[in-house]
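Dear colleague,

I am passing on the structure below, together with notes on what turned up in it. Please read the notes alongside the sequence and the coordinates.

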Amino acid sequence: MNVLTDRYGRAFPYLRLSVIEACNFRCSYCLPDGFRAVPGRPASLQVDEIARLLRAFSKVGMRKLRITGGEPSLRRDLTDIIAIAAATPGIEKIALTTNGCLLSRRVDAWRDAGLTHLNVSVDALERQRFAAITGHDRLDDLLRGIDRALALGLGAVKLNAVLLRGLNDDQWPLWRGYLRTHPVSVRFIELMRTGDNAEYFARHHLRADAFEAQLLEDGWRLLPREGDAGPAREYAHPDFVGRVGVIAPYSRDFCTGCNRLRVTAQGDLRLCLFGNVGIPLRPLLQSDDDHTTLVARLFGQLGIKAQGHGLHAGDTGLTANLSTIGG
Ligand code: SAM
Ligand code: SF4
């Protein structure tokens, strides 16, 4: 079995696939005015195209798939997509990132289809605050969905909260209470600057350093980084069943451990979340006969994956907002 590596020796066992651009939420840092379809944009990949894509990626070493969006649960065939991934030889972990709007109703079916890992965005634990950030008063239903996911015994349940100065930076006491009883990992993500959000970023970006220093002072301990871990620094505390992760894309070594590739809803390979190139794979997803050519294209493209993103220099690449590529 060949495994994709780039010229810096990094392997890429992890693919993040956006299956839809649309979203029903209006998170103030992502789609503050709601989703608007771009006229003339081709439809999202169909299930048979996704099946061919996954076969090719698994051939070159992909072991973990994350399904994201937009909001992936808005696709009626999401359960079929999960099932197809589960039936693809080589794929061991199937993760979903969702805003949780359909979680309580669908998580059983997703688990039965083969879902193994779940990330749910929960930017605040206070109902009104949650509604103000996301545009939807859905926190209670979403928390019920998370409880259901935990009851089903999904391998890992992680909650994503974007750190926002002045909007949710007072929620830590509520999180502490939640983490005493819920065996989840809550990931505090530093706000990333995208093409659309320069002004918002200036107002609400909050560095995670002070928060991490406070965690250490309060007895949380930094866990050793696991081999296939993503970019999060993870903390545990003996009095809490839950954990805390911190994702700080502006920290120095963020790109060193990069093990992921991305494919957009229209089938463009993106080598970096903030990269400037999109490589169209869709023409090679129309027939099983193109499998070998597709695998060769994947190998070829990795050669040009850059060493790190250009965020420090203010270069946000092609990404207008993260709904287009799934974060
Ligand atoms: N709609 C799904 C959701 O919200 O979970 C999946 C797509 S969303 C783009 C994936 C993740 O990216 C979410 O956890 C969201 O909070 C995060 N995100 C979006 N825009 C961001 C930004 N500018 N900076 C940091 N994280 C962001
Ligand atoms: Fe939608 Fe997710 Fe963006 Fe929020 S973060 S607007 S839920 S795509």
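Of the 9 residues around ligand 2, those that come nearest are Cys 23, Phe 25, Cys 27, Cys 30 and Asn 99, where a residue is near a molecule if one of its heavy atoms lies within 4 Å of it. This shell divides into 6 nonpolar, 3 polar and no charged residues, with Ala, Val, Leu, Ile, Met, Phe, Trp, Tyr, Cys and Pro counted as nonpolar, Asp, Glu, Lys and Arg as charged, and the others, Gly among them, as polar.

Please bear in mind that this is a predicted model, in which local features need pLDDT of at least 70 and side-chain atom pairs count only at pLDDT 80 or more, while totals for chains, interfaces and linings use all residues. Residues are numbered from 1 along each chain as its sequence is written, chains are lettered from A and ligands numbered from 1 in the order in which they are written, and side-chain values use heavy atoms, with hydrogens and water left out.

As for the fold, the protein has 9 helices and 12 strands, taken as DSSP runs (H or I, at least four residues, for helices; E, at least two, for strands) and numbered from the N terminus. Buried residues make up 54% of the 327 residues, where buried means under 20% relative accessible area, exposed over 50% and partly exposed in between (1.4 Å probe, protein chains only).

Leaving aside residues up to four places away in sequence, Leu 159 is in contact (heavy atoms within 4.5 Å) with residues including Val 120, Val 122, Ile 146, Trp 175 and Tyr 178.

Pro 283 lies in the loop between β12 (278-280) and α9 and counts as exposed because its relative accessibility is 54%; its C-alpha atom is separated by 8.9 Å from that of Gly 267, 16 residues apart along the chain. Ala 83, in helix α2 (residues 78-86), counts as partly exposed because its relative accessibility is 33%, and Ala 83 and Ala 113, which are 30 residues apart in sequence, are 4.8 Å apart in space, C-alpha to C-alpha.
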